[in-house]
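Biologist: I would like to learn how to read pockets and surface patches. Can we work through one model together?

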Amino acid sequence: MKKFHQIIQEICIQNGIKFRLLSKDWICFLEKGEESRYIVGHKFDLNGHGIGNVLDDKYAFYEVLLEKNYPTIVHHIIFRNYQQEELQVLFDKYDNSVVVKSNTGTCGNEVFYIQNLEQLFDIVNKLLKKHFSVSICPFYHIKNEYRLIILDNEVKVLYGKSKPVVVGDGVSTIKELLILFNPYYFKNKELDDSFDKILSKGEVFEYSWKFNLSQGSTLFQVDDNVLKQKLSELALSICKNLGISFCSIDIFETWNHQLFIMEANSGVMMDSFIELYPNGYEIAKELYNEAIMKMMN
């Protein structure tokens, strides 16, 4: 049983709630007395259906944020009937440096950093065979990314994410340095022979430009109280204005300290957090317990 399901089952047992997994373990069915509720994937039965769909569509969320004048990543939506000139114009506009992503992807999947026009056409065409639309965004130079998990207008969890970048010491291989950086992800990761190279002292190796914990990044506690307040105020304002009850929101900081909304998720996934954060299992269980209690009235 996955740790997520294990946590939900433990909470249900402790609170006298009947728990069953349905649809090949995709749905958690919770029942107490006459109350029945569902957790689908990591989506708890707390947000309205409309706002849940907005959160799960990157372009839709962007447009809603734009309507409310929030600082957010610029998105341009591309449909299957696009003209190549559209992509050419955007590619030139953003100095041949763009990000292409499916509008409904998760965990950093189907997100590509592109600096070649032919590759841009190729990736867009491949994604549009699977998806109704994609988004093209300018590439931002990001210092750090932050995730906030909000439940009923209260920030319950806040942490930073560092992308998998290591610096050589003249002795260790790239793989050894990556394992030190994030043992949870890299210890059993199959890497080719190029990762056996020893980096010279001070040499920098970037495994990925993404900040996704599911793709090798790690997390850190945010100690800057001023920054924590700014992040919290921004995320809470969004939840209040959009009527969001339970979600995670990703915000990034540029090197000149500007904050931009990256995306939000109606599914509150804490799988990597559980492994990487001190007492992560207990923190996740406490949060999910509170969400289930609200869900079950």
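Modeller: We will take the pockets, then a surface patch. Bear in mind that this is a predicted model.

Biologist: How much space lies in the largest pocket?

Modeller: About 750 Å³. The lining has 34 residues. Nearest the centre are H42, T106, C107, G267 and M269.

Biologist: How do the residues of the lining of the largest pocket divide by class?

Modeller: There are twelve nonpolar, 13 polar and nine charged residues.

Biologist: What volume does the second largest pocket have?

Modeller: Its volume is about 440 Å³. Of its 28 lining residues, V111, I142, E145, W209 and M262 are the closest to the centre. The elements giving two or more residues to this lining are β6 (98-102), β8 (133-138), β9 (142-151), β14 (246-254) and β15.

Biologist: Now the surface. Which residues make the nonpolar patch?

Modeller: W26, Y38 and V40 make it, and the patch covers about 300 Å². W26 is in the loop between β1 (18-22) and β2 (27-32).

Biologist: Why does W26 count as exposed?

Modeller: Exposed means over 50% relative accessible area. W26 has 53% relative accessibility, so it counts as exposed.

Conventions: Residues numbered from 1 in each chain as written. Predicted model: local features only at pLDDT ≥ 70, side-chain atom pairs only at ≥ 80, totals over all residues. Heavy atoms only, no water. 1 Å grid on protein atoms, 1.4 Å probe; cavity = no way out; pocket = protein on both sides within 12 Å on 5 of 7 lines; lining within 4 Å. Points joined across faces, edges and corners; volume = space filled by probe spheres on them. Nonpolar A, V, L, I, M, F, W, Y, C, P; charged D, E, K, R; others polar. Helix = DSSP H or I, 4+ residues; strand = E, 2+ residues; numbered from the N terminus. Patch = residues over 30% accessible without salt bridge, like charges linked within 9 Å, V, L, I, M, F, W, Y side chains within 5 Å. Areas by Shrake-Rupley, 256 points an atom, 1.4 Å probe, with all protein chains shown as cover. Salt bridge = Lys/Arg side-chain N within 4 Å of Asp/Glu carboxyl O. Buried < 20%, exposed > 50% of the residue type's maximum accessible area, 1.4 Å probe, protein only.
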